[in-house]
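Trainee: Could you take me through one part of this model closely? I would like to look at how its pieces sit against each other.

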2 protein chains.
Amino acid sequence: MKSICSIEGVEAAGIKEGKFGLGLIRAEGTAAGVFTSNLVRAAPIELMMDRIRSGRLSGVIVNSGCANAHTGRRGLEDAAAMAAIGASALGIDEREVGVASTGVIGRYLDLPLIERQSGIAASSLARSAEAETAVARAIMTTDRVEKHALVRGDGFSIGGICKGSGMIAPNMGTMLAFLYTDAEIEQPLLSAALRLATDRSFNRVVVDGDTSTNDVALLTATGAAGRVDANEFERVLEACCRALAVQIAADGEGATRLVEVTVTGAPEEEDAAAVARTIVGSPLVKTAVYGEDPNWGRVIAAAGRAGVEFDPYAASLTIGEGESAVPLVTNGEIVVDLVRAKAAMAGKRVVFTLDLGAGEGEATAWGCDLTEGYVEINGKYTT
Amino acid sequence: MKSICSIEGVEAAGIKEGKFGLGLIRAEGTAAGVFTSNLVRAAPIELMMDRIRSGRLSGVIVNSGCANAHTGRRGLEDAAAMAAIGASALGIDEREVGVASTGVIGRYLDLPLIERQSGIAASSLARSAEAETAVARAIMTTDRVEKHALVRGDGFSIGGICKGSGMIAPNMGTMLAFLYTDAEIEQPLLSAALRLATDRSFNRVVVDGDTSTNDVALLTATGAAGRVDANEFERVLEACCRALAVQIAADGEGATRLVEVTVTGAPEEEDAAAVARTIVGSPLVKTAVYGEDPNWGRVIAAAGRAGVEFDPYAASLTIGEGESAVPLVTNGEIVVDLVRAKAAMAGKRVVFTLDLGAGEGEATAWGCDLTEGYVEINGKYTT
């Protein structure tokens, strides 16, 4: 097992039929959630923002193929009905069911389909490698691969699954993530840790700059492993979320390469994050990475529009990592060797490091290249 | 004549050799400029932000192929040397020469090339249709067509040329625009009118969300037509800038369709503009337009992340224009007829109108679809 089913007390099941998938997860515990910053919130988001206030979840029902977004009062009723279907399938209180949806906006849920799929899934609910893979697959839309992470701490573990891979932008940068831990941890600490980890992981992934109406990350702590150190928990949760975030970036719609940008020397961490996100989100940087074109001026130009003050002629930029990093600009002076710079773009992962020379703030953001594949996937999504 | 050479006192010339072009314009008068908001400013921008303070220009020299951006002290010296070359070619004071550049960032100007091309161009300086076309062509990079506009007011005219078509984003949304009028108008009024017209035209075009290091619009008033009404001047200038802005959007890199989004019912005009810009800039809206996919949920989702407060269930959205407009959402209720909606996307121009139902503010923004062509053009730009 490589993600959520490694956590004691977590059972899962999933079914995928064409574009339409349904996943079930049963796990009782203290819970926290973070939600999309988009003003237009899907019905399941509205429902969950209210329900999560109890600080408890006993299970989750999630569907792909229809986002149940911009569906008004009927959408809210449908989301509640979906929760009831999940409660019945999982044998739990419907007020403790998490609901999430992903897919086309502006369409109503097909509740008979959800009820049928939920019934099928319930019959295979299990704590196994197959089960966690089935639920990770059930929530996929344009994702090409399932996304799993498992990080072990001192006496506890945190596991998660998530999906990407379009409408991915800085504010709550994932469509759906479900995280589980066996740690016993108080709800306010759980919430704070999830917010911080999200800010440093999902919120630093940009695929296309479009923030979804349905983004949600839910974290449930079953408590089976007993009490843990809060700092250690934060560290492990952040590592788990980062592992998932990187998978979202690498599997961005149409992507052939992961782009990782680390900004150092910023006034504050949030400044570094703003510059790093702007660079990984730049269509011109993304296309250059795709074409293995060492057009580093686009990286500098993107940094310049990030809204952070720095002196361009104090900045240094490299491409590649560690010993094999190729300097492009050193303290504002152009030192690039275009042949070596191009060679540093040949792999599946392209790394830029930009030192702004303006402080101690540091952050990393992840994105992907922009290819014809993105255009193709999104040009005919509903038709 | 269809643009700047229609204005009395304006002569032009241009030469284009492969990627490298050079344009000259001679026109004495009161002048104003607006410049990129990118923190990373090209050398010619730094030079012009200083020189424009005199409020006078007698001519312009502009090159394409090299942006002279992020080139440090040497870049500033090169920009000044380019101004001197222009002054010599045009027979004017070098302190009254406007300088602009567009092309690859992080490369030094080839001054011998600029001197040679300037000499050739100077010999054909003229006030003719051929001359204004030659200079409009000289400043093109990935543009497919030259961009001209001419708008007549009461007793005066305003003409302009400009170029797009990548690194186009909301803040000073054009690489280069050169505007001329025969109106006699005081410098402070000229500056204010240019700022307003730019805000309502170039700054409402989004091709890819990347703000250039080299954006500039320069406006010179020769005064040959005598004094004019300031309000009328503002109106005509805005019309001229809009005509150019729409051409930039329609000729966005790889574009097959112009996208025009009008937002009404916003709290303020700037709110309407923010929502309209976010929609035309959304990669998911752009790809849907390319694929003729009536995935209108993406328009609503983009509106929701624009940072403007409104009630999604009070909003109405249509596609198409006037009598043939197809309602998609009316006061938050889904009313779409997908077949008619798809039909409204068949032309070269796709129009969305979104009424937020939250006030009187109104604005239009322009963009283009996102196609494989954009990826191809930008994947191998420097190599």
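Mentor: In this predicted model, the C-alpha centres of domain 1 and domain 2 of chain A lie 31 Å apart. Domain 1 of chain A covers 4–248, and domain 2 of chain A covers 258–379. Between these two domains, 10 residues of domain 1 of chain A are in contact with 14 residues of domain 2 of chain A. The side that domain 1 of chain A turns to domain 2 of chain A is made of 6 nonpolar, 3 polar and 1 charged residues.

Now take the boundary between the chains. Here 50 residues of chain A are in contact with 50 residues of chain B. On the side of chain A that touches chain B, the elements giving two or more residues are α8 (283–290), α9 (297–304), β12 (333–334) and α11 (372–379) of chain A. The largest share of that side, 7 residues, comes from α9(A). Sorted by class, the side of chain A that touches chain B holds 21 nonpolar, 21 polar and 8 charged residues.

How are the two chains placed relative to each other? A rotation of 180° with 0.0 Å of shift along its axis superposes chain A on chain B, with an RMSD of 0.0 Å. This is the relation of a two-fold axis. In chain A, the C-alpha nearest the axis belongs to E372(A), at 2.4 Å from it. Of the interface residues of chain A, 100% are also interface residues in chain B, so the copies meet through the same surface.

Notes:
Residues are numbered from 1 along each chain as its sequence is written. Chains are lettered from A and ligands numbered from 1 in the order in which they are written. This is a predicted model: local features need pLDDT of at least 70, side-chain atom pairs count only at pLDDT 80 or more; totals for chains, interfaces and linings use all residues. Two residues are in contact if their C-beta atoms, placed from the backbone, lie within 7 Å. Helices (H or I, at least four residues) and strands (E, at least two) are DSSP runs, numbered from the N terminus. Ala, Val, Leu, Ile, Met, Phe, Trp, Tyr, Cys and Pro count as nonpolar, Asp, Glu, Lys and Arg as charged, and the others, Gly among them, as polar. Copies are superposed by least squares on the C-alpha atoms of residues with pLDDT of at least 70 in both. Domain bounds come from an automatic or database domain assignment.
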